[in-house]
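Let's take a walk through this structure together, one neighbourhood at a time. Keep the viewer open as you read.

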Amino acid sequence: MLHSALINVMVKAARRAGRSLKRDLGEVEHLQVSLKGPANFVTAADKRAEEMLYTDLSKARPGYGFIGEEGGTREGADKSHTWIVDPLDGTTNFLHGIPQFAISIGLQREGVIIAGLIYNPANDDLYIAERGKGAFLNDQRIRVAGRRQLNECVIACGLPHIGRGDHELSREEMTGIQEKVAGLRRFGAASLDMAFIAAGRLDGYWERNLAPWDMAAGTIIVREAGGVVTGIAGDDDALKTGHVVCGNEYVHGELLKILKPLGK
């Protein structure tokens, strides 16, 4: 499959950083047996991957701004374009040797996400989308699932953990949704949850308190696969609020009916 020059740049950068993370994952699995554990090693792996991505993307597109989870905002001469990057989404999974993590790269032009890539080095799944050109998994066109009955749907969510999020609200949301759906899942990597929505593997997904780099690539990939992405208010921008709901048009609407009243 022929990709645009832009997508080629993103794929090349992601695959190089991905090779580094895959090697590091093997090392993490060895470190699990030690009492100290691999936490410091994983932090170093995360930062190393981000620097590789920054180097490659900056070389290919000089002047573009760069927002990364580790390094924060780096201004560029070109004020209209910004890379929004998570070098290792699913850090806790990675820390435990669970192969559900991803590199996420979104490109924003004048405030609009125009291209996205999500790459899991552990299984080599590569999701890409460019505005107006559809969404793809490993070069095969993907579409959101078509289910229109919540009781047939599998829904993914986030779960707040110690020191993070509103635990009581999370329990209320889960209670409201779990009695209406075929299954709830918590995979631990927001970008891959959104990628799974785009590929029809999941029917819906919601989570609160995310960062832009968790969602930037997923937002365009879901939309180009025919899905709907908003904040939990329904008419807001998830990248600005940090709260996201997505799925096909029907599932998205049904989830909002449950979630909106609880969040007030």
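Since this is a predicted model, every value here is computed from it. Let's begin with Tyr54, which counts as partly exposed because its relative accessibility is 26%, between the 20% and 50% cut-offs. Look over the face of its ring and you will find Arg74, at 4.0 Å from the ring centre of Tyr54.

How many aromatic pairs are there by the ring-centre rule? The count comes to four. In one of them, Tyr54 and Phe66 have ring centres 5.0 Å apart and planes at 80°, so the pair is edge-to-face. This pair links distant parts of the chain: Tyr54 belongs to helix α2 (residues 39-60) and Phe66 to strand β1 (residues 64-68), 12 residues apart. Phe66 is buried, with a relative accessible area of 1%.

Tyr64 and Trp83 make a tilted aromatic pair, 5.8 Å centre to centre with 40° between the planes. Here too distant parts of the chain are linked, with Tyr64 in strand β1 and Trp83 in strand β3 (residues 78-89), 19 residues apart. Tyr64 counts as buried at 16% relative accessibility, and Trp83 is buried at 1%.

Now turn to Glu224, in helix α6 (residues 212-224). Glu224 is buried yet has no salt bridge. The nearest side chain of opposite charge is Arg141, 5.7 Å away, and a salt bridge would need the charged atoms within 4 Å. What does the side chain of Glu224 reach at 2.7 Å? It is the backbone nitrogen of Gly134. Beyond its neighbours within four places in sequence, Glu224 is in contact with several residues, including Ala129, Lys133 and Arg143.

Notes:
Residues are numbered from 1 along each chain as its sequence is written. This is a predicted model: local features need pLDDT of at least 70, side-chain atom pairs count only at pLDDT 80 or more; totals for chains, interfaces and linings use all residues. Side-chain values use heavy atoms; hydrogens and water are left out. Helices (H or I, at least four residues) and strands (E, at least two) are DSSP runs, numbered from the N terminus. Buried means under 20% relative accessible area, exposed over 50%, partly exposed in between (1.4 Å probe, protein chains only). Lys and Arg count as positive and Asp and Glu as negative; His and the chain ends are not counted. A polar contact is a pair of N or O atoms within 3.5 Å; within protein, one must be able to donate a hydrogen and the other to accept it, and residues adjacent in sequence count only if both atoms are side-chain atoms. Contact means heavy atoms within 4.5 Å. Rings of Phe, Tyr and Trp (its six-membered ring) pair if their centres lie within 6.5 Å; planes under 30 degrees apart count as stacked, over 60 as edge-to-face and the rest as tilted. A charge sits over a ring if NZ of Lys or CZ of Arg is within 6 Å of the ring centre and within 35 degrees of the ring normal.
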